[in-house]
Amino acid sequence: MSEEPEPRPRRSQAQRSAATRTLVLDATIQSLVDVGYARTTTQEVNRRAGISRGALLHHFPTRESLVVAAVAHLVDRRMTELLSRPRTGDEDIEILLEAFSGPLFDAALELWVAARTEPVLRAAMVPLEQKVSDAIATGTLELFGDLYTPEQIALSAELARGIAVSSILRSPAANRDFIARLLPVWKDLLNP
């Protein structure tokens with residue numbers, strides 16, 4: 001006689017809602033990365049997430065709220081990844097280069113460019129950028145203690161963001177070489 005598997009516990013409405021929200025946010029990030037802001041429509045996100053339009057609108061009534069929430073979601077995930085990885089004791093300011101790379105950077109860049117000419121998106125992005133700045137400040141404090149001042153961290157974040165933007169026009173090898181040449185100068189500026 002074969003045993004029947006135990007039935008899986010039924011998820012609560014809150015759990016199902018959270019799962020749907022995560023699915024939508026992940027689909028939105030992937031769309032921003034794959035096709036850019038202009039083509040990241042609610043229909044495209046519906047298609048990628050495999051959910052109904054009503055489910056999407058229940059969580060995110062506007063396109064702006066959707067894309068900003070998606071990037072905020074990725075910021076949280078990325079900071080958790082960076083802060084939870086094993087420490088070597090050699091972590092230094094170049095960890096900010098990691099924070100401004102990959103899907104987070106690609107998706108955020110799409111929104112920064114679009115926000116220049118779309119006032120509603122710009123207004124939604126301002127609190128997100130504050131959240132990013134706060135996450136960087138909190139994360140670097142946890143990583144470095146009082147090794148760097150808040151001003152040094154803010155300047156370093158701006159440098160890392162600029163390097164990330166300019167890396168779009170360099171090959172990966174050229175970018176690694178550029179960073180290898182720049183990093184010692186950057187560190188000397190922070191630790192005169």
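Me: Which residues touch the most other members of the largest nonpolar core?
Reply: This is a predicted model: local features need pLDDT of at least 70, side-chain atom pairs count only at pLDDT 80 or more, and totals for chains, interfaces and linings use all residues. Residues are numbered from 1 along each chain as its sequence is written, and side-chain values use heavy atoms, leaving out hydrogens and water. A nonpolar core is a set of buried Ala, Val, Leu, Ile, Met, Phe, Trp, Tyr and Cys residues joined through side-chain atoms within 4.5 Å; buried means under 20% relative accessible area, exposed over 50%, partly exposed in between (1.4 Å probe, protein chains only). Of the 55 residues in this core, the ones touching the most other members are V24, V71, I93, L111, L121 and W186.

Me: And which helix gives the most to this core?
Reply: Helices here are DSSP runs (H or I, at least four residues), numbered from the N terminus. Helices 1, 2, 4, 5, 6, 7, 8 and 9 each supply at least two residues of the core. The one that gives the most, with 12 residues, is helix 4.

Me: Which residues is W186 in contact with, leaving aside neighbours within four places in sequence?
Reply: Contact means heavy atoms within 4.5 Å. With those sequence neighbours set aside, the partners of W186 are I93, L97, S156, L159, A160 and I163.

Me: Helix 8 next. Which of its residues are buried?
Reply: Helix 8 runs over residues 150–166. In an α-helix there are 3.6 residues a turn, so residues three or four places apart point the same way. The buried ones in helix 8 are Q152, I153, S156, A157, A160, R161, I163 and A164.

Me: What covers the buried residues of helix 8?
Reply: Those buried residues include S156 and A160, and both are in contact with W186. The cover includes helix 5 (95–99), helix 6 (102–115), helix 7 (119–144) and helix 9 (172–190).

Me: How many Å does helix 8 reach from its first C-alpha to its last?
Reply: The expected span of a helix is 1.5 Å times one less than its number of residues. Helix 8 has 17 residues, with an expected 24 Å. Its reach is close to that, at 24 Å.

Me: What about S31, buried or exposed?
Reply: S31 sits in helix 1. Leaving aside neighbours within four places, it is in contact with G36, R39, T40, E44 and R48. Its relative accessibility is 0%, so S31 counts as buried.

Me: What is the relative accessible area of S17?
Reply: S17 is also found in helix 1. Across the sequence, S17 and H58 are 41 residues apart, yet their C-alpha atoms are 9.9 Å apart in space. S17 counts as partly exposed, because its relative accessible area is 23%.

Me: How many Å apart in space are E110 and K187?
Reply: E110 is in helix 6 and is partly exposed, with a relative accessible area of 31%. Leaving aside neighbours within four places, E110 is in contact with L32, G36 and Y37. From E110 to K187 there are 77 residues in sequence, and the C-alpha to C-alpha distance is 29 Å.

Me: Stepping back, how many helices does the protein have?
Reply: Of its 192 residues, 39% are buried, and the C-alpha atoms fill a box of roughly 70 × 50 × 30 Å along the principal axes. The pattern along the sequence is α-α-α-α-α-α-α-α-α. Strands number 0, and the helix count is 9.
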